[in-house]
Amino acid sequence: MRMKRKKNLDERIAASSDYLIEMKNQSLNYNDAVNENHIINFREIFKKDQPVYLEVGSGKGQFGCTFAKENPDKNILCVERNKNVLILAIDSARAMGLDNIMFLCGTAEYLPSYIEKQSVESIFLNFSCPFPKSKHVAHRLTNPRFLNIYKEILKPEGVICQKTDNMHFFEYSIEQFSSCGFVLSNISLDLHNSDFEGNIVTEYEEKFSSQGYPIYSLEARLKN
């Protein structure tokens with residue numbers, strides 16, 4: 001069910017510049033947009049000069065806000081295209097008084113024109129849409145066109161952390177990471193019944209886990 005549009009959404013988004021950056025090239029063709037330069041200066045948008053982490057598809061912000069709260073020595077930039085849920089994430093960050101989290105409104109296709117090369121410590125892909133139909137495979141966030149983007153913006157020692165409840169999407173992701181030059185580690189077919197420590201639970205994770213679904217997870221690093 002689609003979420004009801006939030007009251008005064010446009011006004012609330014417009015008043016959120018303390019936490020929000022909106023992409024400027026959403027109406028352009030992707031091949032043209034990536035050539036634009038809107039590179040974000042992390043030292044300007046974050047109050048502290050410290051390592052930056054990236055979450056692609058932040059939803060209502062439970063993961064991002066928790067990460068920021070538990071890691072005051074790290075910054076996190078959360079990317080989300082849906083303003084209706086994004087405003088909830090911003091409200092949460094503001095209510096928690098967080099100063100090490102920012103939100104980028106837009107889609108992952110345009111990240112190369114916003115994120116400087118080799119500037120991100122880690123990328124989190126939490127419960128990305130699996131796009132199960134084969135005709136939509138190019139939209140999966142672990143499709144090679146996205147993995148090549150992540151390669152550009154990740155630091156050489158950077159890692160991609162993925163979690164999903166969808167077994168077929170997870171299998172697909174493993175294949176794509178492997179074929180695109182990533183080394184996989186910490187692969188779990190049931191994260192909540194593993195010995196992994198430090199897991200931050202997302203909204204979707206709570207929902208699916210409570211329904212008895214196993215949570216699949218992995219870490220992917222570029223080969224040296």
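My entries follow, from the whole chain down to single residues.

**Entry 1: the overall picture**

First, a reminder to myself: this is a predicted model. I looked up the secondary structure and found eight helices and eight strands in the protein chain. Next I checked the radius of gyration, which is 17 Å; the globule rule gives 17 Å for 224 residues, so the chain is as compact as a globular protein of that length. I also boxed the C-alpha atoms along the principal axes, and they fill roughly 40 × 40 × 40 Å.

How much of the chain is buried? I get 46% of the 224 residues. For contacts with a separation of 6 or more, I noted that 78% are between residues 24 or more positions apart.

**Entry 2: surface and charge**

Then I went through the charged side chains and have 27 positive and 29 negative ones on the page. The centres of these two sets lie 6 Å apart.

**Entry 3: cysteines**

How many disulfides are there? My search of the whole structure found zero. Cys78 is in no disulfide, and its nearest cysteine sulfur, on Cys65, is 7.0 Å away. Cys78 counts as buried because its relative accessibility is 0%.

I looked at Cys105 as well, and it is in no disulfide either. The nearest cysteine sulfur to Cys105 is that of Cys78, at 13 Å. Cys105 has a relative accessibility of 6%, so I put it down as buried.

**Entry 4: Arg140 and its loop**

I found Arg140 in the loop between β5 (120-126) and α6 (144-153). Is this arginine, Arg140, buried or exposed? It is buried, because its relative accessible area is 11% and the cut-off for buried is under 20%.

What does Arg140 touch, beyond its neighbours within four places in sequence? I listed Pro130, Phe131, Pro132, Lys133, Phe146, Phe169 and Tyr172. For Phe169 I also took the C-alpha separation from Arg140, which is 8.6 Å for two residues 29 apart along the chain.

Phe131, one of those contacts of Arg140, lies in the loop between β5 and α6. I checked the backbone there and found a positive phi of about 40 degrees, although Phe131 is not a glycine. At 26% relative accessibility, Phe131 counts as partly exposed.

**Entry 5: another positive phi**

Which strand holds Asn186? I placed it in β7, residues 182-188. The phi of Asn186 is near 50 degrees, a positive value in a residue other than glycine. Its relative accessibility is 47%, so Asn186 goes down as partly exposed.

**Entry 6: Asn224**

Last stop: I located Asn224 in the segment after β8 (216-222). Asn224 is exposed, because its relative accessibility is 100% and the cut-off for exposed is over 50%.

Note on methods:
Residues are numbered from 1 along each chain as its sequence is written. This is a predicted model: local features need pLDDT of at least 70, side-chain atom pairs count only at pLDDT 80 or more; totals for chains, interfaces and linings use all residues. Side-chain values use heavy atoms; hydrogens and water are left out. Helices (H or I, at least four residues) and strands (E, at least two) are DSSP runs, numbered from the N terminus. The radius of gyration is taken over C-alpha atoms; the globule rule is 2.2 Å times the number of residues to the power 0.38. Buried means under 20% relative accessible area, exposed over 50%, partly exposed in between (1.4 Å probe, protein chains only). Contact means heavy atoms within 4.5 Å. Lys and Arg count as positive and Asp and Glu as negative; His and the chain ends are not counted. The place of a charge is taken as NZ of Lys, CZ of Arg, CG of Asp or CD of Glu. A disulfide is a pair of cysteine sulfur atoms within 2.5 Å.
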